[in-house]
Amino acid sequence: MKRMIYLGLLFAVLLCMAACGKEQETTDQEGSAAKRTEEESVKKDSLPGENTDILVAYFSCTGTTKKLAGYAAEYLNADLHEIRPEDPYTEEDLDYNTSDSRANEEQNDPSARPAVAGNVEDMGKYRTVVLAYPIWWGEAPKIISTFLESYDFSGKTIVPFCTSHSSGIGSSDKNLHALVDDSAKWKDGKRFAAGASESEITGWLDDMGIQPFAEKAGQEVSERAFDFNTKTVTLNSGYPMPINGLGTYSLTGDTCVKSVSEALKRGVRLIDTAYMYGNEAEVGKAVRESGIPREKIFVITKLYPSQFDEPEKAIDEALKKLDIGYIDMMLLHHPGTGDVEAYKAMEQAVEDGKIRSIGLSNWYVEELEEFLPQVNITPALVQNEIHPYYQENNVIPYIHNLGIVVQGWYPLGGRGHTAELLGDKTISEIAKAHGKSSAQVILRWNLQKGVVVIPGSSNPDHIQENTELYDFELTDEEMAQINALDRNEKHDWY
Ligand code: NAP
């Protein structure tokens with residue numbers, strides 16, 4: 001009986017090999033025949049600074065996958081990236097019928113990671129990665145594992161497809177999930193025959209909800225919608241940012257280190273600091289000592305107007321004080337003389353890899369209208385005073401419509417003002433109805449308006465409370481009641 005099963009299996013394997021060998025042959029013919037059309041139709045390789053948030057990355061030995069990846073890139077207005085082996089595969093390497101051929105050995109070795117030549121210039125800016133590969137022995141070639149393990153895919157959407165004559169995608173896509181961060185969102189994969197048409201590819205992308213980049217231009221507001229499951233928002237720079245964090249204004253020395261450490265222990269992953277707060281070194285120390293991988297934490301700092309005359313030096317000083325490798329987000333703290341030049345220095349620092357995203361603080365409609373035409377990179381974030389007594393209801397939609405995320409400072413009214421706000425009758429009643437605190441209701445109100453919150457606190461109980469914002473929802477009526485509390489009452493001068 002065992003012998004029968006063994007023979008059956010052997011026959012199935014031989015059949016599969018023959019089919020794969022055939023695929024190789026056909027593919028080769030197609031590869032050369034299709035070359036001209038491919039070169040005509042395939043979109044140029046990725047250009048730095050190009051306006052797209054989609055990357056189509058493919059591995060192709062014979063040209064089949066390249067052609068289909070080209071269709072996808074063309075349709076999506078995406079950048080196209082070839083995953084190239086440092087040591088190209090020869091015909092013998094790919095011989096399916098030789099048990100010790102290179103491809104055969106790699107596929108049988110779970111730890112094989114063939115080296116990749118070159119890299120994706122700025123993976124951070126892409127929110128969607130379409131990943132295309134041929135099927136080798138029922139699995140993605142091991143070079144796909146090398147590629148996936150080489151970048152941070154946190155928060156990105158990955159859309160896999162394979163090309164093959166005979167084998168389906170099987171579990172080849174699911175088997176790749178463990179290689180990237182849990183926060184990556186995988187779409188269901190699909191197998192395409194080598195001769196698949198452009199409309200088959202584009203129809204499938206449509207079904208998956210993957211739209212061409214240009215068509216999304218008018219949807220910026222929903223594009224920056226908060227994801228209440230991952231508790232993040234994707235910035236226009238492509239990076240995900242947590243939607244609740246810790247503010248550190250007036251927290252200095254050990255108090256600052258302890259507060260940030262307590263917040264990180266309690267799952268907070270967004271920390272707001274500034275040169276002016278005099279605590280960048282303390283924030284950096286708490287981040288370094290947390291034991292949490294650096295890329296899981298998002299740190300914002302700011303340049304003060306007194307630093308605008310030497311912005312490059314100021315950026316390097318911030319990097320040095322923080323000592324956490326790179327800065328996730330740098331803002332200009334206030335408008336002031338030399339702000340455009342300071343912003344341009346931040347743009348250069350983005351290019352140099354020192355800073356990932358940049359933005360502004362205390363910029364309102366008029367200031368933005370004057371400032372934006374003078375710079376190249378649209379700010380990813382604007383941080384302004386926002387609380388129930390100062391709501392900025394005209395400013396927030398204006399900023400959102402530019403595809404920029406809004407973050408509120410003094411969410412609880414700011415030190416010295418919290419008692420009145422937290423004791424507000426309307427807010428207290430809503431809090432009671434939900435079994436929540438006034439602070440939690442105010443923070444939730446912000447989140448439901450699309451405003452990121454960074455309450456400041458040195459009290460671990462408050463820090464904990466300020467993270468528990470996702471197990472209740474304010475009704476439209478409750479939102480309207482809090483909206484009605486606006487007094488246009490600023491709690492600071494800027
Ligand atoms: P805030 O968050 O409105 O209020 C902080 C005060 O609220 C502290 O006294 C804190 O006391 C208390 N608090 C926090 N959580 C509480 C809770 N759950 N229940 C009761 N009380 C609570 O003011 P902020 O810290 O000044 O502002 C937030 C952050 O915005 C700043 O830390 C800073 O990062 C940023 N900011 C930016 C600008 C700018 O110009 N860009 C300006 C100001 C502030 P405990 O310590 O006792 O918890």
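Modeller: Strands here are DSSP runs (E, at least two residues), helices are runs of H or I with at least four, and both are numbered from the N terminus. This is a predicted model, where local features need pLDDT of at least 70, side-chain atom pairs count only at pLDDT 80 or more, and totals for chains, interfaces and linings use all residues. Residues are numbered from 1 along each chain as its sequence is written, and side-chain values use heavy atoms, with hydrogens and water left out.

Biologist: Which residue stands opposite Leu360 in E15?

Modeller: Strands of a sheet pair through backbone hydrogen bonds, either parallel or antiparallel. Pairing takes at least two DSSP bridges between two strands. Here, Leu332 faces Leu360 of E15. Strand E13 (residues 298-303) also pairs with E14 in the parallel sense, over four bridges, and Thr301 has Met330 of E14 as its bridge partner.

Biologist: What is the order of the strands in the open sheet?

Modeller: The eight strands follow E11-E12-E13-E14-E15-E16-E17-E18, with parallel pairing. Strand E11 (246-247) and strand E18 (451-453) each have a single partner strand, so one side of each is left without a neighbour in the sheet.

Biologist: Is E14 mostly covered or uncovered, and how many of its residues are buried?

Modeller: Buried means under 20% relative accessible area, exposed over 50%, and partly exposed in between (1.4 Å probe, protein chains only). Strand E14 (residues 327-332) is mostly covered, with six of its six residues buried.
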